[in-house]
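Trainee: I would like a close look at a single part of this model. Could you pick one chain and walk me through how it is put together?

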Amino acid sequence: MKKWMMSITAGAIALMGAASANAGSITVYTALEEEEIADYVKAANAAMPDVEINVLRLSTGDLGARLLAEAGNPQADVIWGWAVTAMMNPEILNMLEAYKASGSEKLGAAYRDADGRWFAPTGYMGAFCVNTERLKAKGLPMPKSWKDLENPAFKGEVVMPDPNSSGTGYLHVIAVLQTMGEEKGWAQLKAVDPNMAQYTSSGSKPCKAARAGEYAVGASLAFTALKSIEEGYPLAMVFPEGGTGYELEASGLMSSSKNKADAKRFLDWTMSKSATDLYGSFKALVTVPGVKGSAAAEKAGLPADLGTVLAKIDFVESAKNQTAVKARWKEMFGR
Amino acid sequence: MSAEPSAITTPLSNKHFDVDRAFVMISLTIPVIGLLLFFVYPLAIVFLRSITEADGGLGLGNYAHVLASKGFWRATGHSLHMGLATTAISIGLGFVIAHALHRCAFRGKVLIRAAIALPLLAPSLVQGLGLIFLLGRNGLVNKWFDLGLDIYGFWGLLIANIFYALPQAVMIIGATLTLSDARTYEAAEVMGARPIRQFLDITLPNAKFGVLSAAFVVFTVTITDFGNAAVIGGDYSVLATEIYSQVIGQMNFNMGAVVGIMLLLPTVASYYIERLAQKRQFGSHAENAVPFVPTFTPARDLPMAAASFLIAALIAIVIVVVVYASFVKLWPYNFGMTVKHYDITLAGGYAPLWTTIYISLAAAIGGTVMLFLLGLGIRKAPDAIAKAVYFFSVMPAAVPGMVIGLAYVLTFNSTATPLYLLYGTATLLAVCNFYHYHTQGFLTAMTGFRQVPSALEEAASCLGSSMTRIAIDVVAPYVTPMLISIFFFLFMRSMVTLSAVIFLTTPKMTVASVTIMRLDDAGLTSQAAAYSTCIMLIVGAALMMMKYVFYRMDKRSTLGTVV
């Protein structure tokens, strides 16, 4: 058995080559979108040409599972642009080391950790994806709020993600609860439940189903809505009145990193002008003072002053209540 | 042949005693070590997580918590219901197709074989998309006939699961029907047994092992599959979605592990039911069997052919509609044709395709060799050992891909053993793919090994052949068609499987199915469909090349592959 182990070890070494982290290279885990990653990495390479940046892109949920599973021997140096609600999981916070990236001090207090373990220069928003063709065919009014979705005419025409399996689902639920207050918020969710055709496990699925004309309305992400409109789908993006949910994209330094110097340089870069200029062309939601959101977003109906559409979200509260809210949701609406 | 796969005892001549013993030892030991290291050990780590409580102590608190939740019981009910329905239908249809392919005479079988293989070589996104494009609320069928069909939920999930399970059922059942003794049928004919009698009294009892094995596999893969449930299951919650919601949605790994371990229970139960049923196994394979060559019999062949072509056409159309959509400007609003979706630069572009081919070949070659050795070894092993090995060999299908993937991360990313050197390598991905699909391959191999006439082996042994010679000259020719089926099966699945490997990819080691998922995540569904089409083309081409190679290698053989 021992001998066998030795031989497989030797074989493995022969087949390796990629796994060992050498100086001058960092591994970055991210949940940012494909297109922006491509451009950001190009800019970051230009800004720090001596460092090889290896990026692993996974969805928010998959990334969380991966980080926890790897906890015994973490492989990443940096977590970059990941949902702050997920980041606030104590098990994840424990993997992070406080580092105040230069420039992060400009961010408002709500957009960085008091202990310096994460900071969030950007974010993403929830939105209703409304299929205008289906709406017309079914003779439905354009929904403007969660309350509008109570209308029995929408029965079987609305989809949203399940907050128990999707961060986007939780984003919507917490926005309703925090803007309307606990009691009214739950009553609102209960009122739209009979119209819900599906609670999906993926956050972008409701928008994809709506754009394909499977359903009239999908509570989903503004990013997917914008992307779909750009591609030509008959879709309208609607921010529910009273405030739409949003999530911050946080970054932090892994305390296990073996190349902290370069990891810190990368985090500094995410707050540099080279990066923030790009945020302006990709991001609808930028928290860096003085940086405007993307023109495409504005064209698709995003107001210049996001404060008018965003819900007032207390992320610390949102992260703290997660388990209780999800359990209650499942009790009330689980199918 | 008796009930146990192990129970054939061949008298070993003294001359070869040591060499033969060593041969049996080696052919059993290597695959068993592999199974222990790459399946049992990671699974044990998952089990450990399932009994690790929030405060870090060990206990059954997680189990109590899960058992007390309403959602778990609802999902369990749904899973059992779905599993039984899928099994009943898939086995029925699978038997029809396998019987048509191996026991009927008609033209165009190659088309049926190709169509049946499609769900194995199509990325899971394709099947889900295809069903929605066709049967969705805004799908073609509803548009043309205005039926107001709503497939999301039980029915959609049932259809998707059957499509996925059917090729596996055909493969395993086919392995029992490939080889049969024409003389038994001739004798029946002479004695005046009508064809229906022959079918009920000869064919069916002989196929029992294959049918039961196939039923076991279908039931198990159905209750562990997450992909179909997420795409088309609507909010019909099943145990696999329950695990997803715990692990991915709530980052609650230990709770997910509990549900993963619970998923083994129905499998253990169905394993025992299957073993019990086998105790009454009928018939055996005769030594100098004459292969059954079907002659055209209209009353039998026409309906069988019609049914098979119909099923094959339904499967093919679901895939073809996605290929078509990948050339359409904007499905379902602008049906102008374009190739722009094939210009893929994001998410790694086309580069991961070549890595994937390499990984898949490694999984298929290594896996086939391992299963051949295991098949040889398990027949000569002591009964108790054979039973234990059999049990763990059929278990991998009961573990959802996500659980296997995360178990691999937990196991092979730990510096406690030198195995961590495998982490992030193509080797580990290939190994993971093989063990993920171990059950299907193993049961096909076992079904094949059951057809080897034991008297022929005994004769060869008495005449002084060594075990090695017997393995090559006696056993191998009988099991070759099954081995080729296993090879293709492992290759096809490795090319497209996602649920486990998603957790094992690194920035430098990524595979094609992950690229598809990333494209779809980015909202570029048409590009994901285009990429899937490329994979299917490449896999199809590779399969044809390999078939040609096998054909050249084994010109004497008249045996076809099972799928």
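Mentor: Happy to; let us take chain A. For 335 residues, a compact globule would have a radius of gyration near 20 Å, and chain A agrees with this at 21 Å. That radius is taken over C-alpha atoms, and the globule rule is 2.2 Å times the number of residues to the power 0.38. Keep in mind that this is a predicted model, where local features need pLDDT of at least 70 and side-chain atom pairs count only at pLDDT 80 or more, while totals for chains, interfaces and linings use all residues. For finding your way, residues are numbered from 1 along each chain as its sequence is written, and chains are lettered from A and ligands numbered from 1 in the order in which they are written.

Along its principal axes, the C-alpha trace of chain A spans about 70 × 55 × 40 Å. The chain holds 15 helices and 11 strands; these are DSSP runs numbered from the N terminus, with helices being H or I of at least four residues and strands E of at least two. Of the 335 residues in chain A, 52% are buried, meaning that 20 or more other C-beta atoms lie within 10 Å of the residue's own, with C-beta atoms placed from the backbone (12 or fewer counts as exposed, in between as partly exposed). As for contacts in chain A with a separation of 6 or more, 75% join residues 24 or more positions apart. Two residues are in contact if their C-beta atoms, placed from the backbone, lie within 7 Å.

Next, the domains, whose bounds come from an automatic or database domain assignment. Domain 1 of chain A is made of 22-123 + 247-302, and domain 2 of 124-246 + 308-333. Their centres, taken over C-alpha atoms, are 26 Å apart. Where they meet, 18 residues of domain 1 touch 15 residues of domain 2. On the domain 1 side, α3 (60-69), α4 (84-87), β10 (246-254) and α13 (295-299) of chain A each give two or more residues. That side has 10 nonpolar, five polar and three charged residues. Here Ala, Val, Leu, Ile, Met, Phe, Trp, Tyr, Cys and Pro count as nonpolar, Asp, Glu, Lys and Arg as charged, and the others, Gly among them, as polar.

Chain A also touches chain B, with 55 residues from chain A and 52 residues from chain B taking part. On the chain A side, the elements supplying at least two residues are α1 (2-15), α2 (34-47), β2 (52-57), α3, β7 (196-200), α10 (222-231) and α15 (322-333).

On the chain B side, the mean pLDDT is 83, and 92% of the residues score at least 70; pLDDT is the predictor's confidence in each residue, from 0 to 100. Over residues 1-13 of chain B the pLDDT is below 50, and this stretch has 33 contacts in the model beyond near neighbours in sequence. Where pLDDT is low, the predicted coordinates should not be read in detail.
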